[in-house]
Amino acid sequence: MAAFVTDKFRIINTSNFINSISSGDDNYFIFVGLPNPNTPGFGRDEYWESPDLVTPSLGVLPNPTDNFEYLPHYGNTMLYGKKVLPENVRRCIRKIDWVEGVRYDMYRHDYSVTNRASITDRSRLYDSNYYVMNSLYQVYICISNGSSGINLTGNQSQDEPLFTDLEPSKAGLSGDGYIWKYLFTVPPGDIIKFDSTEYIPVPNDWSTNILPQIISIRENGNSDENNNQIKFVYIDNPGSGYYTGEVDILGDGTGGRVFVEANEEGEIINTTVTVGGRGYTYAIVDLGPLQSSDTISDPAKLIPIIPPSKGHGYDIYTELGAERILLYSRFDDSAKDFPTDTKFAQIGILKNPLSYNSTNIYTSDRFSALGALKLIITSDVEPIVGEKIEQILSTGEKAVAYVASYDKETSVLKYFKDRSLYFNPSEYDQTDYVGISSEAKANLGFSITGGSIRGISSNFIGSIDSSFTGLTTSIQNKIISLDVYLNSGMADPEINKTSGDIIYLDNRPLIERNSRQKEDIKIILEF
């Protein structure tokens with residue numbers, strides 16, 4: 001049984017996702033994680049983007065694994081996250097820049113495996129190059145590229161479209177045959193925040209947007225009001241034996257009219273829609289009044305091009321195939337939740353995590369997924385990001401973790417734990433090993449009654465400052481917010497790291513943070 005998921009289903013899912021953010025029904029966070037991807041262990045690769053001279057193929061980024069074993073691991077190695085707000089979400093479409101001398105596909109409603117786009121050879125409208133963005137970040141759809149049944153590939157585009165008229169028009173005087181329809185301009189704020197090398201951000205809430213320019217485009221595309229649905233009639237076969245004249249466009253809509261121009265041989269050489277009509281899902285040109293007799297020895301084939309919905313510009317999400325979403329987030333040094341001395345090699349999206357030790361969904365605008373210790377360093381060296389630390393507890397057992405950050409100013413160390421600390425230290429899996437009875441207890445936490453905390457790589461030595469309790473600390477008469485409440489020198493993560501759903505994960509080259517840089521993260525979700 002042959003079946004498929006329609007493009008409309010993908011576009012609807014895109015809208016549903018955006019609506020869930022705008023309404024506040026769901027909480028999505030962009031997060032970063034894995035500060036030590038080169039440390040041997042579960043979910044890591046010692047050759048992470050560092051080619052091995054013997055086996056160069058090992059120097060590539062590993063693909064994330066989507067299964068029930070790995071997803072909790074990604075949560076455990078998470079560092080911090082920032083809530084996705086409605087103003088940081090846009091639908092987006094593929095970026096197709098206008099370039100002089102390039103051929104572009106025209107918009108057609110009937111591309112398929114048997115009627116492919118003539119320029120890109122695509123069977124799907126949304127995969128063809130039927131729209132462009134000019135140098136002023138204005139987006140246009142190609143109504144005609146000068147093609148016909150005897151000129152299948154059309155012409156090279158010579159005139160950059162720069163107009164913002166409501167009706168389709170030529171872009172210049174070159175005679176290249178292109179007709180463009182202006183749709184929208186990407187605003188400066190969206191250019192800064194959402195522009196990328198591959199995608200164009202599309203305005204949100206097109207059907208209800210109150211910007212005057214968008215209202216004009218949207219209302220002009222409503223053929224129920226303006227009787228201008230069909231913009232172009234394609235000459236697939238010019239035929240012969242026809243006269244010049246104006247005739248009706250028949251079909252399931254009403255009101256359409258087209259002026260048909262024939263040459264001396266009776267071949268149809270040009271069409272101009274005089275009235276676009278309304279309500280068409282299919283159409284056929286009534287050429288009967290332009291025929292010289294009741295018999296047709298060489299019939300013409302004219303194809304009225306049917307716009308999506310009510311007309312071009314009325315529903316640009318359907319018209320442009322807006323089935324992708326671009327999410328934006330910026331991480332800087334504005335909060336201690338986002339430590340600047342750390343590293344990360346994974347980026348992801350987390351949906352609806354729970355607050356730590358709670359059944360309530362976490363709703364604040366940012367979170368730290370790390371435990372924290374206020375330390376008193378008693379050695380000449382300091383902790384290293386990514387290294388393993390350990391503490392011998394009063395029971396003789398050992399608490400272990402990885403360093404995610406160490407803030408020299410506040411003496412706060414942030415850490416995380418994952419299964420690589422407890423798995424077989426050479427096989428990185430569940431293989432039995434000597435010492436497993438004491439080494440594999442993941443539930444052991446650091447304690448103020450335990451011994452010193454030691455760094456395995458740096459050999460730093462420190463102790464928990466159990467006298468410290470609070471959300472702020474004072475250094476040289478300066479009050480510094482820690483962004484997390486420490487009780488007796490210790491703090492838990494702000495979220496339950498095993499809760500929520502990771503809906504996106506991307507392995508990246510290792511990024512080292514510092515206080516002089518900001519990370520602008522842009523994620524594309526395709527439905």
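Reader: What percentage of the 527 residues in the protein do buried residues make up?

Author: Buried residues make up 48% of the 527, where buried means under 20% relative accessible area, exposed over 50% and partly exposed in between, with a 1.4 Å probe and protein chains only. This is a predicted model, in which local features need pLDDT of at least 70 and side-chain atom pairs count only at pLDDT 80 or more, while totals for chains, interfaces and linings use all residues. Residues are numbered from 1 along each chain as its sequence is written, and side-chain values use heavy atoms, with hydrogens and water left out.

Reader: Why does Gln391 count as buried?

Author: The relative accessibility of Gln391 is 1%, and the cut-off for buried is under 20%, so Gln391 counts as buried.

Reader: What makes the pair formed by the side chain of Gln391 and the backbone oxygen of Gly451 a polar contact?

Author: A polar atom of the Gln391 side chain lies 2.9 Å from that backbone oxygen of Gly451, and a polar contact is a pair of N or O atoms within 3.5 Å, where within protein one must be able to donate a hydrogen and the other to accept it, and residues adjacent in sequence count only if both atoms are side-chain atoms.

Reader: Which residues does Gln391 touch, not counting those up to four places away in sequence?

Author: With contact meaning heavy atoms within 4.5 Å, Gln391 touches Glu397, Lys398, Ala399, Phe446, Ser447, Gly450, Gly451, Ser452, Ile453 and Ile464.
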